[in-house]
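Subject: Structure for you to look at

Hello,

Here is the structure I said I would pass on. Please open it first; my notes on what was found follow below.

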Amino acid sequence: MQSLAKAVPEDLYPFIGKVRNFANKAKWLVEIGHTIKKNSNIPLSMDELTALPGIGRKSANVIRREAGEAPEGVIVDLHVVRVAPRLGIATGADPKKIEKQIMDVVPAKYWDAGMAMSFLGREICRPQPKCDICFMKEYCAYYKANR
Ligand code: SF4
């Protein structure tokens, strides 16, 4: 954070130049650095995190998780948007609505399930799902409807 506080967006291009939307992300990261200035000032509340540029609920949930904080929500990225409706615990494609639906049916102590679904989506429940090797098929609405 101390380095970001002194950086300009172009300084970050060599590191994140292959990331989608990197120019905006570099701008947001530098803005965050200039605002926060020190690692010890990194906020951990959902409200403070989502007030920072480029930080939505998904990133805030990830940051809180990495910091060892108890989850205030469920991580919903593009993988979870695909996986949760297939499993039958959410509908639609709006991440905020999907997060709310998951929070309504999954006890808070299991809200880390968002990260688990994200990894499942990256490895197994791909756009072309590998149901044959999936350990969730016993519980999965999509699998039950399509087998
Ligand atoms: S059984 Fe198939 S559709 Fe269901 S979660 Fe696994 S890979 Fe995805």
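**Ligand shell**

In this predicted model, 14 residues surround the ligand, and the closest are Cys125, Pro129, Cys131, Cys134 and Cys140. By residue class, the shell holds 11 nonpolar residues and three charged ones, with no polar residue. Two helices, helix 5 (78-87) and helix 8 (141-146), each give at least two residues to the shell. Helix 5 has the largest share, with three residues.

**Helix 5 against helix 6**

Helix 5 also packs against another helix. The axes of helix 5 and helix 6 (residues 95-105) come within 10 Å and cross at roughly 50°. On the helix 5 side the contact is made by Val80, Val81 and Ala84, and on the helix 6 side by Pro95, Ile98 and Ile102. These contact residues divide into six nonpolar, no polar and no charged.

**The chain as a whole**

The chain has eight helices and zero strands, which gives the pattern α-α-α-α-α-α-α-α when read along the sequence. The C-alpha trace spans about 55 × 30 × 25 Å along its principal axes. Of the 147 residues, 21% count as buried. Among contacts in the chain with a separation of 6 or more, 49% are between residues 24 or more positions apart.

**Two backbone points to check**

Most residues other than glycine have a negative phi. Two residues of this chain, Asn21 and Lys37, have a positive one.

- Asn21 has a phi near 65° and is found in the loop between helix 1 (9-16) and helix 2 (22-36). Asn21 has 10 C-beta neighbours inside 10 Å, and the cut-off for exposed is 12 or fewer, so Asn21 counts as exposed.
- Lys37 has a phi of about 70° and lies in the loop between helix 2 and helix 3 (46-50).

Regards

Notes: Residues are numbered from 1 along each chain as its sequence is written. This is a predicted model: local features need pLDDT of at least 70, side-chain atom pairs count only at pLDDT 80 or more; totals for chains, interfaces and linings use all residues. A residue is near a molecule or strand if its C-beta atom, placed from the backbone, lies within 6 Å of it. Helices (H or I, at least four residues) and strands (E, at least two) are DSSP runs, numbered from the N terminus. Ala, Val, Leu, Ile, Met, Phe, Trp, Tyr, Cys and Pro count as nonpolar, Asp, Glu, Lys and Arg as charged, and the others, Gly among them, as polar. Axes are lines fitted to C-alpha atoms, for helices over the stretch in contact, and angles run from 0 to 180 degrees between N-to-C directions. Two residues are in contact if their C-beta atoms, placed from the backbone, lie within 7 Å. A residue is buried if 20 or more other C-beta atoms lie within 10 Å of its own, exposed if 12 or fewer, and partly exposed in between; C-beta atoms are placed from the backbone.
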